[in-house]
Amino acid sequence: MNILVTGANGQLGNEMRIVSQGSKDNYIFTDVAELDITNLEAIRKMVKEKEVKVIINCAAYTNVDKAEEDVEFCELLNAAAPENLAISMKEVDGLLVHVSTDYVFGGDPYNTPCTEDKKGTPTGVYGKSKLHGEQNIQQVGCHHLIIRTAWLYSEFGKNFVKTMLNLTATKPQLKVVFDQTGTPTYAYDLAVAIYDVVENRKYEGNDGIYHYSNEGVCSWYDFTKMIAEYSGQTACDIQPCHSNEFPSPVTRPSYSVLDKTKIKETFGISVPYWTESLKICINNLKK
Ligand SMILES: NC(=O)c1ccc[n+]([C@@H]2O[C@H](COP(=O)([O-])OP(=O)(O)OC[C@H]3O[C@@H](n4cnc5c(N)ncnc54)[C@H](OP(=O)(O)O)[C@@H]3O)[C@@H](O)[C@H]2O)c1
């Protein structure tokens with residue numbers, strides 16, 4: 001079976017390259033230069049020429065702050081483009097695996113882990129655009145798995161872990177918010193889960209929305225403390241602070257923990273605890 005991975009030079013896309021190496025399927029990796037997902041005709045052409053039966057969409061507009069002033073482009077990439085992918089899969093009775101975000105929540109003060117059926121309450125342009133993308137895919141009605149994830153980090157690209165590794169190594173003191181609670185997710189773990197579901201055809205008869213993050217709960221402050229500890233960079237004095245000390249164009253969710261019961265029960269997936277995965281990523285980065 002031919003599987004197209006879009007946005008393959010991003011964090012998740014790079015992890016998909018790694019985890020799919022031993023696959024019985026044929027993976028085709030593309031980034032914007034090879035396939036621009038805002039272009040429906042280009043997608044249709046590739047799907048036809050390569051006989052694609054599954055698309056794993058790792059492409060997105062992911063700059064949460066910049067999205068506030070880049071509304072149109074963010075909607076194009078996060079809402080219209082997934083619709084294009086859905087249309088192309090509907091036409092060949094294929095499957096779209098699409099990745100969404102915990103930032104579809106946040107407007108309501110949820111304070112227990114969010115299940116898939118909870119109403120989306122995005123607070124910013126990015127979260128809204130990702131929710132629109134989900135809705136567009138559902139409306140097109142192709143076979144789909146929409147996997148919401150959170151606080152993604154990896155060895156690739158820019159992310160919170162890399163930023164904090166740099167800051168804790170160079171600054172004597174650091175303030176990090178402790179009033180936003182969620183769960184970090186190692187992109188490698190998410191890629192393993194997606195690969196398992198596709199490789200073993202577990203998706204059959206299981207269209208829908210699923211939540212995947214690592215296990216556990218923390219604040220960005222706790223996350224930073226563990227990054228410093230695991231990297232051995234403990235000289236930096238890390239202090240908790242409130243979000244309003246860091247003016248931002250967008251209000252981020254104060255609580256966006258994802259309940260993963262559905263993905264674990266449906267697909268028999270075991271999810272690593274966040275500190276265990278963080279340790280692995282930091283060790284890889286230090287090599
Ligand atoms: N990062 C997080 O913390 C986080 C949290 C929750 C959910 N998610 C979701 O998880 C998914 C993967 O995120 P990520 O962090 O791996 O993203 P990422 O590293 O920002 O990668 C996204 C990739 O998409 C590519 N791209 C941009 N425009 C494109 C287009 N028109 N056509 C094809 N490719 C295009 C980008 O290329 P260029 O770099 O060249 O633009 C980039 O390689 C996304 O759906 C995101 O919304 C992320």
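Let's start with helix 4, whose buried residues are Val125, Tyr126, Gly127, Ser129, Lys130, Leu131, Gly133, Glu134, Asn136, Ile137 and Val140. Keep in mind that this is a predicted model.

As for its length, helix 4 runs over residues 125–140, and at 1.5 Å a residue its 16 residues should span 22 Å; the end C-alpha atoms are 22 Å apart, so the two figures agree. Just past the helix, Gly141 adopts a positive phi of about 80 degrees.

Now for the rings. The structure holds 15 aromatic pairs.

| Pair | Centre to centre | Angle between planes | Type |
|---|---|---|---|
| Trp151 and Phe223 | 6.3 Å | 20 degrees | stacked |
| Phe223 and Trp274 | 5.9 Å | 90 degrees | edge-to-face |

Where do these partners sit along the chain? Trp151 is in the loop between strand 5 and strand 6 (152–153), while Phe223 belongs to helix 7 (residues 220–231), so their pair ties together parts that are 72 residues apart in sequence. The second pair also links distant parts of the chain, going from Phe223 in helix 7 to Trp274 in helix 9 (residues 274–286), 51 residues apart.

Stepping back to the chain as a whole, we have nine helices and 12 strands. The radius of gyration is 19 Å, close to the 19 Å that the globule rule gives for 287 residues, so the chain is as compact as a globular protein of that length. Along the principal axes, the C-alpha atoms fill a box of roughly 55 × 40 × 35 Å.

Buried residues account for 54% of the 287 residues. Of the contacts between residues at least 6 apart in sequence, 82% join residues at least 24 apart. The accessible surface comes to about 12,700 Å², and 50% of that belongs to carbon and sulfur atoms.

Notes
Residues numbered from 1 in each chain as written. Predicted model: local features only at pLDDT ≥ 70, side-chain atom pairs only at ≥ 80, totals over all residues. Heavy atoms only, no water. Helix = DSSP H or I, 4+ residues; strand = E, 2+ residues; numbered from the N terminus. Expected span 1.5 Å × (residues − 1). Buried < 20%, exposed > 50% of the residue type's maximum accessible area, 1.4 Å probe, protein only. Phe/Tyr/Trp six-rings, centres within 6.5 Å; stacked < 30°, edge-to-face > 60°. Rg over C-alpha atoms; globule rule 2.2 N^0.38 Å. Contact = heavy atoms within 4.5 Å. Areas by Shrake-Rupley, 256 points an atom, 1.4 Å probe, with all protein chains shown as cover.
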